[in-house]
Amino acid sequence: MKASRAVVVGWDGATFDILKPMLAAGRMPHLAALLARGVHGRLRSTVPPVTPVAWTSFATGTSPGRHGIFDALTLDPASHAVRFVSAAMRRVAPVWSVLSARGRPAGAVNVPVTWPPDAVDGFVVPGMFTPSDAENFVHPPELQGEIEARFGPAMCRDSPAMDPDPARYLENLLAGVTARCDLTLWLMERRPLDYFCSVFMESDRVQHFFWAYRDPAHPLHARLGGAIEAVYERLDAALGRIVAACPPDTAVALVSDHGAGPLRRAIFLNRWLMDQGLLVLSGELAALAGRPPSALRRAAAAVAKAVLPASVVAARRKGRSRAHARINNLFSAIVDWERSACVSEGIAGGVFFNPRVVGPGDREALTRRLKEGLAAIVDPETGQHPFMAVHAREELYAGDAVADAPDVVTLCGPGYQVLVPHEIALYGQGAPSGLFAPHKWSGRHEQHGVFALAGPGVAAGAELAGADMPDVTPTLLYALGEAVPENMDGRVLTAAFAPETLAARPLATTEAAAAATAGTGTDGDAAARIADELSDLGYM
């Protein structure tokens, strides 16, 4: 009636929009077998559906208002510094810490926003948003050396670095899936855990960079139009290997943090704020003009890394990190903070109010103005509204961390994404003269990801409805026969379990676990090194 262990496989950004046609065509046999013996359904992501926000909700079973991660970037209201998030900002303990404290060994590999790692009875190999030159960033420290000795230093990193040649990048992604699976199986054999989670990021990468090739009119469609499906097929093969390595009494889950779809246009939200007189600059947007890493410079950097002494490579990386930190803050540096009511920062298009200008009594009127004004914007090229929803943070979130959220949260309509200020410098396209601009990605995040669960006590062949990201961890805890901490916002998805299971084991809660990671933020040097890592992955 209950599982002795749980194994969670994460496919970042995976969507049933891609999976279901492939399943129908028989191209995902291992996933089909998992779905046939368990339950599955669309998984509603967080608002916004951004990787660090959603995976933190998965890890903690809580909403952003409680765990405190609202975007990949955050704006410090006092210093106006723009920094990347880290696990030091997380206010709630992740499930691997909860179970470890209960005497059940647990671990996580490549889950975003897990640096600095939690000290658990098990292991944590941090994922995305780990500084590029961090040392001893794995817990326990000796595990890092073992992984690097067996698989190479790259396997302690997120996923294959970006390559300017899309065909070569696709090959790197496919090889990355296989390598991540090899590491996962080695870790599972090295020390069996009661809870183990391994996240594959390649599904997200291929969708961001290859979605445009799906269009039959694209000149590279013949060569790369099936790139996304190729990565999904490789992921399915990895899933089959992982499931085959699990004992029969294992609860196996497949989770994606958000979905994916086409990205056609970017909207420069800060331009609209400037046009409305809500944002005043003390300098020119031309100051954002950067020197983005071209294909030639990337190739030269790869060669240099191979032939130069490590000390020289490290010095160059340090200089690059500082440059990225400067780029992240270029826009903040030219904002006139004495006259600006608000500014948009972060990849999700959040709007932060400036407390120097906006007092408590002004908040309601400014929020209403933003809601009405942003909802009324129409793209003259398409006739569509780029924003499908605009919310005050209090409408979305509840918990002790709400005050750290952007004051207003925007959600873009299909095909649109907010242009982040630092992207102007990084992409070398010049500051947009109007509201709309191209974007280097052709795929974006969508609201619904994937959840599937099979194992002891789980219903067979059922389709779930209404599952939210914070529900995953409470559901897995129940599958393990564990009580759910009372501070988790998620609920046990009872429809996932057979009636006899629920009758034999009533739902149980327990007091909240203490947060396992101390700290309040990411210092400037660490944020710069995170930017450097994201640049290697093609995100900056």
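**H7 and its partners**

H7 and H10 come out as roughly parallel to each other, because angles under 35 degrees count that way. The angle I got for H7 and H10 is about 15°, and their axes are 10 Å apart. This is a predicted model, so I am treating every value here as a property of the prediction.

I checked the handedness too: H7 and H10 make a right-handed crossing. Then I listed who touches whom. From H7 the contact takes in Leu 170, Leu 173, Leu 174, Ala 175, Val 177, Thr 178, Cys 181, Asp 182, Thr 184, Leu 185 and Met 188. H10 answers with Ala 227, Ala 230, Val 231, Arg 234, Leu 235, Ala 238, Arg 241 and Ile 242. Sorted by class, that contact of H7 with H10 holds 14 nonpolar, two polar and three charged residues.

Next I looked at H7 against H8. Which way do H7 and H8 run, roughly parallel or roughly antiparallel? They are roughly antiparallel, since the cut-off for that is an angle over 145 degrees. H7 covers residues 166-190 and H8 covers residues 202-210; I have them at about 165°, axes 10 Å apart. This crossing is left-handed, whereas the one between H7 and H10 is right-handed.

On the H7 side, the contact with H8 uses Pro 166, Tyr 169, Leu 170, Leu 173, Gly 176 and Val 177. On the H8 side I noted Glu 202, Arg 205, Val 206, Phe 209 and Phe 210. By class, I count eight nonpolar, one polar and two charged residues in the contact of H7 with H8. Leu 170, Leu 173 and Val 177 turn up in the H8 contact and again in the H10 contact.

I went to His 445 next, which sits in strand E16 (residues 443-446). Is His 445 buried or exposed? His 445 is buried: its relative accessibility is 16%, and the cut-off is under 20%.

What does the side chain of His 445 reach? It gets to the backbone oxygen of Pro 49 at 2.8 Å. The His 445 side chain also has a polar contact with the side chain of His 208, at 3.1 Å. Beyond neighbours within four places in sequence, I found His 445 in contact with Pro 49, Val 50, Thr 51, Asp 204, His 208, His 258, Gly 259 and Ala 260.

Asn 270 was my other stop, in helix H11 (residues 269-275). Asn 270 is buried, at 1% relative accessible area. Its side chain reaches the backbone nitrogen of Ser 344 at 2.9 Å. Skipping neighbours within four places in sequence, Asn 270 is in contact with Leu 279, Phe 331, Val 343, Ser 344 and Pro 421.

Where are the cis bonds I noted? One runs from Val 47 to Pro 48, with omega near 0°. Pro 48 lies in the loop between strand E2 (39-44) and helix H3 (51-60). Another cis peptide bond joins His 139 and Pro 140, with omega about -5°. I placed Pro 140 in the loop between strand E6 (122-125) and helix H6 (141-151).

For positive phi, I wrote down His 80, at about 65° and not a glycine. His 80 is in the loop between strands E3 (73-75) and E4 (82-84), and it is buried at 8% relative accessible area. Val 113 went into the notebook as well, with a positive phi of about 60°. I found Val 113 in the loop between strand E5 (106-109) and E6, and at 2% relative accessibility it counts as buried.

Last entry: Gly 490, in the loop between strand E20 (484-485) and helix H19 (499-504). Gly 490 counts as buried, with 11% relative accessibility. Leaving out neighbours within four places in sequence, Gly 490 is in contact with Gly 61, Pro 470, Asp 471 and Pro 474.

Terms used:
Residues are numbered from 1 along each chain as its sequence is written. This is a predicted model: local features need pLDDT of at least 70, side-chain atom pairs count only at pLDDT 80 or more; totals for chains, interfaces and linings use all residues. Side-chain values use heavy atoms; hydrogens and water are left out. Axes are lines fitted to C-alpha atoms, for helices over the stretch in contact, and angles run from 0 to 180 degrees between N-to-C directions. Helices (H or I, at least four residues) and strands (E, at least two) are DSSP runs, numbered from the N terminus. Angles under 35 degrees count as roughly parallel, over 145 as roughly antiparallel, 65 to 115 as roughly perpendicular and the rest as oblique. A crossing is left-handed if the near helix is turned anticlockwise from the far one by less than a right angle, and right-handed if clockwise. Contact means heavy atoms within 4.5 Å. Ala, Val, Leu, Ile, Met, Phe, Trp, Tyr, Cys and Pro count as nonpolar, Asp, Glu, Lys and Arg as charged, and the others, Gly among them, as polar. Buried means under 20% relative accessible area, exposed over 50%, partly exposed in between (1.4 Å probe, protein chains only). A polar contact is a pair of N or O atoms within 3.5 Å; within protein, one must be able to donate a hydrogen and the other to accept it, and residues adjacent in sequence count only if both atoms are side-chain atoms.
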